[in-house]
Amino acid sequence: MKWAVVGGGIAGLAHGFALLSRGHEVTVFEAAPRSGGNIRTERDGGYSVEWGPNGFLDNVPATFEFVRRLGIGESLLCSSDAARVRWLFRRGRLLRLPESPPAFFASPLLSPFGRARVLLEPLARGRPRHDETVHAFASRRIGREAADVLVSAMVSGVFAGDARRLSLRSAFPKMHAMEAAHGSLFRALIARRRAGTARGGPAGPGGVLTSFRGGMEDLVAAFAARLGERLRLSTPVTGLSRRRDGWVLDGPGEEAEGVVLACPAPVTSRLLRPLAPEAAARLGRVRGASIAVVGLAFDEAALGGPPAGFGFLAPPGEGLRILGCLFDSSVYPGHRAPPGKVLLRAMIGGALDPGAVDLDDGALLATARADLRKAMGLRADPERHWIFRFPRGIPQYEPGHGLRLAEAARMLAPWPTLRLAGNSYRGISVNSCLEEAAPLLPA
Ligand SMILES: Cc1cc2nc3c(=O)[nH]c(=O)nc-3n(C[C@H](O)[C@H](O)[C@H](O)COP(=O)(O)OP(=O)(O)OC[C@H]3O[C@@H](n4cnc5c(N)ncnc54)[C@H](O)[C@@H]3O)c2cc1C
């Protein structure tokens, strides 16, 4: 069968590769002059600076299945064990996120009342029938302070999102399922520990952050190499229509029997509008949060040594404009910065600060530096810097997202040769994008 894939981000590349592996004829059309979408590694002066993701958790087998089939297992790189240490900016200083329940209750991260309220989690009232926001869920189960501080920071770290505007069920389906199955997060964690399936803790997600020696772009390059001339760069698809039993793609002017729309939901919505306006309207409701990334390089001496841990998050209302900062050279020692140098990446913007991405480079740099001075006491001038922008780059799963998706799927059901893929729908992580394509791989 002949397939066209629209979008050469990681979702489109994985679908293209999986369909090709099954013996289908495939072309991947990518609007930009390079593939990878959000994934891009800038290699500059001995630094490998990620534009977007700095890794994926090692707990999703689908990702390793792609890595194995691409033959790039040798290039896998585990984050340093020390990267399990994570920090949170609170009351003017960095506090270490506790890694065990006793450490949590001894930590000054929350007030004594806030910590005591977390203990009442098993007694929280049951969930409402409507699609609850992440913030409402967290306030109900572990209290308002933990929701404002810990959960809001976690949501801005993952989605650059506003916990008050994201759906728990769509954005954090595992947490939703834990409550549904056990009636309490604590009880769910105890059950998982008993079953030996518990991973992670209050300080971070389950699984070990993993990347590639040359950066996340190694994965993109491996897909692109396998697709070869079937990957057509600088080829935007501008329209989609039906002809006989198949599809016509305007722009490249190609016909195909099947289509995978692996472009962002607003583009998919535009392409589907003439064919299925009701479905297109639902998909067009997926908004994206904009984010800017400021990479900064320093001499280790300026920081008194390499910074310890993974990085820090800054909850809203704690006086920083940056959402947080990743200590990339400590996460992957020896692989992201030259010896004796430090690479940090600060994130600015997100759903609560939509104008930040429009600041000019000077203002973004000044914001990052001022906030790193407040949080880390870092006064030295950076030796180099890099600035990357992602306008509307991170989809926000707002309440009603799941219902709208189900309705759109029902409306598009008459066309089984049309697939929607990518981070706009069922998960924004690299793992989710690969997991969605994995069932297409041959056995
Ligand atoms: C700053 C940042 C940090 C992140 N950190 C992490 C992390 O640490 N771990 C993690 O797992 N995830 C992370 N993510 C999320 C992850 O990178 C993305 O969700 C994932 O890469 C999305 O892949 P995608 O293929 O769905 O979409 P995209 O990467 O957006 O790709 C879509 C592609 O479609 C193309 N396109 C658009 N319109 C058309 C058209 N008309 N015709 C043809 N092509 C078109 C675009 O040019 C683009 O290349 C991060 C994201 C950002 C922005």
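Predicted model: local features only at pLDDT ≥ 70, side-chain atom pairs only at ≥ 80, totals over all residues.
Helix α5 spans residues 134-142, and because seven of its nine residues are buried, the helix is largely enclosed by the rest of the structure. The buried residues are V134, H135, F137, A138, S139, R141 and I142. Among the elements that cover them are the helices α4 (112-119), α6 (144-159), α7 (168-171) and α9 (185-195).

Just after α5 comes G143, whose phi angle is positive, at about 100 degrees.

Strand β18, made of residues 341-349, is mostly covered, with eight of its nine residues buried. Strands of a sheet pair through backbone hydrogen bonds, in either a parallel or an antiparallel manner.

Strand β15 (residues 287-299) runs antiparallel to β18 and is joined to it by nine bridges; within this pairing, L296 has L344 of β18 as its bridge partner. Strand β17 (residues 322-326) also pairs with β18 in the antiparallel sense, here over four bridges, and L326 stands opposite R345 of β18.

## The sheet of β11, β12 and β13

Three strands, in the order β11-β12-β13, form an open sheet with antiparallel pairing. Because β11 (239-243) and β13 (254-256) stand at the edges and each has a single partner strand, one side of each is left without a neighbour in the sheet. From one strand to the next, the twist averages 25 degrees.

Between β11 and strand β12 (residues 246-250), which run antiparallel, there are five bridges, and the bridge partner of R242 is W247 in β12.

How values were computed: Residues numbered from 1 in each chain as written. Buried ≥ 20, exposed ≤ 12 C-beta atoms within 10 Å, placed from the backbone. Helix = DSSP H or I, 4+ residues; strand = E, 2+ residues; numbered from the N terminus. Pairing = 2+ DSSP bridges. Contact = placed C-beta atoms within 7 Å. Axes fitted to C-alpha atoms, helices over the stretch in contact; angles between N-to-C directions.
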